[in-house]
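Subject: The structure I promised you

Hi,

Here is the structure we talked about. Have a look at it first, then read my notes below.

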Amino acid sequence: MEAVLGVLNLGDFAQNFSKMGMFPVFDLAYYIVSILYLKYEPGSVEVSRRSPVASWLCAMLYCFGSYILADIMLGGSPIDYFQYNSHILLASAVWYLLFYCPLNLFYKCVAFLPVKLVLVALKEVVRTRKIAAGVHHASHAYHHGFFIMVIVGYVKGDSTLIMFKFGPTKASLYGAILFTMQEAHWLPVSKSTLILAFTFFMASSKVVMTARHSHGSPFALIESWVCHLLFGSPLGGSEEDHHHPPAAAPSSPLKTKEELSDGARKRKAKKAE
Amino acid sequence: MEAVLGVLNLGDFAQNFSKMGMFPVFDLAYYIVSILYLKYEPGSVEVSRRSPVASWLCAMLYCFGSYILADIMLGGSPIDYFQYNSHILLASAVWYLLFYCPLNLFYKCVAFLPVKLVLVALKEVVRTRKIAAGVHHASHAYHHGFFIMVIVGYVKGDSTLIMFKFGPTKASLYGAILFTMQEAHWLPVSKSTLILAFTFFMASSKVVMTARHSHGSPFALIESWVCHLLFGSPLGGSEEDHHHPPAAAPSSPLKTKEELSDGARKRKAKKAE
Amino acid sequence: MEAVLGVLNLGDFAQNFSKMGMFPVFDLAYYIVSILYLKYEPGSVEVSRRSPVASWLCAMLYCFGSYILADIMLGGSPIDYFQYNSHILLASAVWYLLFYCPLNLFYKCVAFLPVKLVLVALKEVVRTRKIAAGVHHASHAYHHGFFIMVIVGYVKGDSTLIMFKFGPTKASLYGAILFTMQEAHWLPVSKSTLILAFTFFMASSKVVMTARHSHGSPFALIESWVCHLLFGSPLGGSEEDHHHPPAAAPSSPLKTKEELSDGARKRKAKKAE
């Protein structure tokens, strides 16, 4: 992989990319997208009217939940990150503009699809960096604690875990496993290369998913096969579903409502193309 | 403000007041009032009959919940305060007397209104000191972590936060903000003066509220105006309500049931005068 | 007590017993019994089919919940124990075999009563050691923090506390109190003797209870009298119940449904003999 990058003269680019500062541009995008997702939650606008303090707290959890959880996991102060006043103020300004801007102007700007796609891509840059930093931080505290590295990297990459939302994508989990393997020297790549590659993968898949309004996972097929082999789970074959008539659905009674609606959404997305 | 206090010869008094020990008299009043509030909770007496251990745990949470939360917030051991055996034993004795005293004698004594008013005032002395200590403690750990100071001071002042009861008064929050501003040298007063002034304000407003069986907040009017200006919340004008017939109520559909019953209670309190 | 042991030449045995390593044999038994209890929970098999990650997390909580809680109580990292990769892998292997083994073979082996009785006895050996270690650890951090020692020893002895299941036996709580009294030199026995005696008591009573499918507590009678004296609780006389006709039950309206079904189970167990 290093060789391919060398040919493309990407080694230096990866090096520089992995050293680039995140504050304020990338962090701003992170806060905007995070609080945008909060505003999409049913009832959040009403809460912002009735109790601004509660709404602000939720916004902070959406923006800094991953830091809070990672600090808890490593036995530190859960509000340790709140010492960075400029980050808190920036996120608070975004929260204020998104919820209380006259005519809802700010919201309309950032929710405009082309703008949103750029912001979503920038957010994934921050996410990948946080996973890598989380794994690295944990590896300093526990030299051979590979489970701890994966856990800390995972919670660092997924802010919404603090709300007990175990997302269907699990991309942060796979990222944390990859970066832990890199930290343990089981992967023959440098960290900067891995950051670049994983950022590219995450940003592109997220942009495509946002553009298509899809909530599926790019890992669904692999996951389904691995689960079938290891745990005897029924194959949820997302590809084959399209060849069967809907009457075939009741044959797998374990399918949850969520999975079914997921399939339905995918089918709609396919038709729309 | 210092000048006014100087004229009244209050500077020395504030100095001495802020150095006065809290154990055992003030702490005792704190435990009595806290566990009294626990006994007011529906079902608490039944729990004390069926499971004394659970009842004791609740009582400890009511008495030391603010220490537990503050220790968690600063990344320490949540049971750190339980090392002070004498405090735990004093609180346990209060719990035992309040729940299991023959003929309910102890409860009848401390719930007698004049006694209760004194205890409530003493409790506010402890609360103010805890807020000031919490802000000071946090400022040592995080020199410019103003958000952290406010959070730690806030949780230190409100024991019931650990039960996820976000009280309607928020007095501890405003106290924490004031003490943080003092710590950051944005307020031109000494800490002992602020302790004296805030204690006086808290104790007097709490005594008045307890005497009138009111659950309103002394900040309601200011809050309502600030929320209106910053967040466009509808003005909840507590004064104007009385001029409208009850039929006007449905005009603000956002009013929660709690607020409504609050208004009803206020109206009754007014009539009773 | 030391004298009795001296006559029986048990002093050396206790010494050696208290120094015996727990890994891997005893720990293996601990993991098997813990995850067996998880599999008894309604719905756990279904969860293992639908979401192996969630099932694995539950299994880890059942196996290491006591370490997690004790680390939280002492202000450390809740996932500190996850640095011991061999323990995690061993527990994960047990989880995999218990839930996904073809023909459910492993489950049938370990759930076979004679095997299970041995495993249950071995588990109590580990539990007693964990209580003693927890109390000792806490006594290092807080020299006179007797309440903290009891709390840490208690949570160390009961993995299921992390799931907010306050078991009816409370044996770990009494163990923690005994070991704290030993640590404070209020009990005239050496720690190794106490470990041996408490292990013997716990293992024998647990084996008898498992063999009789009973969920009662060996302390029920003493508890009932102490509660009656201290807290005025009605005497729950477990022995006398059998002499009364069922019509006598409504005379104690405080009896919860759980207690009633407990009594019913006991009566059945008695008939079965």
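This is a predicted model: local features need pLDDT of at least 70, side-chain atom pairs count only at pLDDT 80 or more; totals for chains, interfaces and linings use all residues.

Residues are numbered from 1 along each chain as its sequence is written, chains are lettered from A and ligands numbered from 1 in the order in which they are written, and side-chain values use heavy atoms, with hydrogens and water left out.

Let's start with chain A. Of its 273 residues, 44% are buried (buried means under 20% relative accessible area, exposed over 50%, partly exposed in between, with a 1.4 Å probe and protein chains only). Contact means heavy atoms within 4.5 Å. Take the contacts in chain A between residues at least 6 apart in sequence: 71% of them join residues at least 24 apart.

Most residues other than glycine have a negative phi, and most peptide bonds are trans. Here are the exceptions I'd look up:

- In chain B, Phe23(B) and Pro24(B) are joined by a cis peptide bond, with omega at about 0°. Pro24(B) sits in the loop between helix 2 (11–17) and helix 3 (25–40) of chain B.
- In chain C, a cis peptide bond links Phe23(C) to Pro24(C), again with omega at about 0°. Pro24(C) is in the loop between helix 2 (11–19) and helix 3 (25–40) of chain C.
- Leu103(B) is not a glycine, yet its phi is positive, near 65°. You'll find Leu103(B) in the loop between helix 6 (85–100) and helix 7 (105–110) of chain B, and it is exposed, with a relative accessible area of 70%.
- His185(C) also has a positive phi, about 60°, without being a glycine. His185(C) belongs to the loop between helix 10 (171–183) and helix 11 (191–211) of chain C, and at 69% relative accessibility it counts as exposed.

Next, how does chain A meet chain B? The contact takes 19 residues from chain A and 18 from chain B. About 1,600 Å² is buried between them, 71% of it from carbon and sulfur atoms (buried area is the accessible area, 1.4 Å probe, that two parts lose on being put together, summed over both). Helix 4 (44–50), helix 5 (52–73) and helix 6 (85–100) of chain A each supply at least two residues of the side touching chain B. Helix 6 of chain A gives the largest share, six residues. That side divides into 10 nonpolar, five polar and four charged residues (Ala, Val, Leu, Ile, Met, Phe, Trp, Tyr, Cys and Pro count as nonpolar, Asp, Glu, Lys and Arg as charged, and the others, Gly among them, as polar).

And chain C? Chain A puts in 18 residues and chain C 19, and the two bury about 1,600 Å² between them, 72% of it on carbon and sulfur atoms. There are zero salt bridges between chain A and chain C (a salt bridge is a side-chain nitrogen of Lys or Arg within 4 Å of a carboxyl oxygen of Asp or Glu).

Cheers

Methods
Helices (H or I, at least four residues) and strands (E, at least two) are DSSP runs, numbered from the N terminus.
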